[in-house]
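Q: I would like to go through the following structure with you, one topic at a time.

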Amino acid sequence: MAEWAIAVQAVHKQFGRGKRRVHAVDDLTLEVQTGQVYGFLGPNGAGKTTTIRMILDLINPTKGQVSLFGQLVRHHAGVLNRVGALVEGATFYPYLTGRKNLEVLARTGGYFDPARIQSLLELVGMADRADRPARGYSTGMKQRMGVAAALLGNPDLVILDEPFRGLDRAQRQTLLATVRQQWRHATLLFISHDVSDTQTFDRVLVIEQGRIVEDAAPEQLAAQPASRYR
């Protein structure tokens, strides 16, 4: 039997009541094998970030359950120590440099290592701008730093929510390939709204309005009629 790094079972998330009720996620099942590179796609507002927030125990599902590495997140919060994540855009102390921001995060997490911080800055292409105040960073630069922050603790599961925001096509592909190459031991979950990102994933789940549209290998998606996805 496959070991699941992520097992989201029939999860439903509702916000509001009565006429204001919104079904952000509707009976969603997501299973990611250990070591897999998984793409989680859908247009803006499809329910991707809501799902990720439930996986990370930031919000509770209305129904269903979430497990990481075989443990229910709600009852075994310690399993989250094996996870590194970038959710809803990277945010940093604007008056500190990028390097100092990573140092604060590393010291707080108990894994401070200047050499590792430097290595991650080089990995995401921010070594030459790491000593500038974060207030001057572009969106793409902040996202790169967010990826570095997610990798600080050498996690077994890496969840990156729209990590390519603000990057051009070449930068997206380079960052994706670099993270995949350097973190071959880990399970990677990339959240995106761009179908063109799928070719480097092992498997892709597509959702819209909180429901699964497709769960397939990239080559199966590529074989679909051109009019099927936008």
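Q: To start with helix packing: is the crossing of α3 and α4 left-handed or right-handed?
A: The crossing of α3 and α4 is right-handed, meaning that the near helix is turned clockwise from the far one by less than a right angle. Helices here are DSSP runs of H or I with at least four residues, and strands are runs of E with at least two, numbered from the N terminus. Please note that this is a predicted model, in which local features need pLDDT of at least 70 and side-chain atom pairs pLDDT 80 or more, while totals for chains, interfaces and linings use all residues. Residues are numbered from 1 along each chain as its sequence is written, and side-chain values use heavy atoms, without hydrogens and water.

Q: At what angle do α3 and α4 pack?
A: Helix α3 (residues 114–123) packs against helix α4 (residues 139–151) at about 140°, and their axes are 9 Å apart. The axes are lines fitted to C-alpha atoms over the stretch in contact, and angles run from 0 to 180 degrees between N-to-C directions. The two helices are therefore oblique to each other; angles under 35 degrees count as roughly parallel, over 145 as roughly antiparallel, 65 to 115 as roughly perpendicular and the rest as oblique.

Q: Which residues of α3 and α4 meet?
A: Arg-116, Leu-120, Leu-121 and Leu-123 of α3 meet Met-145, Ala-148 and Leu-151 of α4, contact being heavy atoms within 4.5 Å. By class, the residues of this α3 and α4 contact are six nonpolar, no polar and one charged. Here Ala, Val, Leu, Ile, Met, Phe, Trp, Tyr, Cys and Pro count as nonpolar, Asp, Glu, Lys and Arg as charged, and the others, Gly among them, as polar.

Q: And how do α2 and α4 pack?
A: The angle between α2 and α4 is about 25°, with axes 10 Å apart. That makes α2 roughly parallel to α4. Gly-98, Arg-99, Leu-102 and Leu-105 of α2 make the contact with Met-145, Ala-148 and Ala-149 of α4. These residues of α2 and α4 comprise five nonpolar, one polar and one charged.

Q: What about α2 and α3?
A: Helices α2 and α3 pack at about 130°, their axes being 10 Å apart, which makes α2 oblique to α3. Their crossing is right-handed. In this contact, Arg-99, Leu-102, Glu-103 and Ala-106 of α2 meet Ile-117, Gln-118 and Leu-121 of α3, a set of four nonpolar, one polar and two charged residues.

Q: What happens just after α1?
A: There, Asp-57 takes a positive phi of about 60°, and Asp-57 lies in the loop between α1 and β4. With 28% relative accessibility, Asp-57 counts as partly exposed. Most residues other than glycine have a negative phi.

Q: Where is Glu-162, and what is its phi?
A: Glu-162 is in the loop between β7 and α5 and has a positive phi of about 50°, although it is not a glycine. Glu-162 is buried, with a relative accessible area of 10%.

Q: Finally, is Lys-63 buried or exposed?
A: Lys-63, in strand β4 (residues 63–68), counts as exposed at 57% relative accessibility. Beyond four places in sequence, Lys-63 touches Ala-10, Val-11 and His-12. The C-alpha atoms of Lys-63 and Lys-13 are separated by 6.8 Å, although the two residues are 50 residues apart along the chain.

Key:
Buried means under 20% relative accessible area, exposed over 50%, partly exposed in between (1.4 Å probe, protein chains only).
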